[in-house]
Amino acid sequence: EWDAVILETYTLKKHLFDVRQELAYALYQKDAASRVIARLIKERDQARAALSDVQSNMAAAVGKSGGTAMEEEDDAGISQAIIQKMVKTQKKLS
């Protein structure tokens with residue numbers, strides 16, 4: 001009878017240790033996932049803000065030129081100013 005009690009105690013302690021390890025691993029995974037999600041949300045918000053800035057700048061540029069700037073850009077492609085802004089935003093987000 002004493003041997004059975006000792007064996008059961010050992011089994012329970014071993015099981016407790018295993019469960020604690022699994023819990024620690026699960027909590028670590030959850031924490032890491034939460035950090036990644038927070039970083040991605042922050043990057044998404046920054047990208048949206050940059051896109052909004054670019055769109056408003058393009059709208060202002062087209063409004064000032066009376067629509068001729070867009071026609072000129074269609075012939076030549078994307079203007080150098082917009083390319084520089086895109087590169088700057090890309091570096092900022094990387």
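User: What does the secondary structure of the protein chain come to, in helices and strands?
Analyst: Helices (H or I, at least four residues) and strands (E, at least two) are DSSP runs, numbered from the N terminus. This is a predicted model, where local features need pLDDT of at least 70, side-chain atom pairs count only at pLDDT 80 or more, and totals for chains, interfaces and linings use all residues. Residues are numbered from 1 along each chain as its sequence is written, and side-chain values use heavy atoms, with hydrogens and water left out. Along the sequence the pattern reads α-α-α, and the tally is 3 helices and 0 strands.

User: What share of the protein chain's residues is buried?
Analyst: Buried means under 20% relative accessible area, exposed over 50%, partly exposed in between (1.4 Å probe, protein chains only). With 94 residues in the protein chain, the buried share is 5%.

User: Is K92 buried or exposed?
Analyst: K92 sits in helix α3, which covers residues 80-93. Because its relative accessible area is 72%, K92 counts as exposed.

User: And M86, which helix is that in, and what is its relative accessible area?
Analyst: The helix for M86 is α3. M86 falls in the partly exposed class, so the value to note is 45%.
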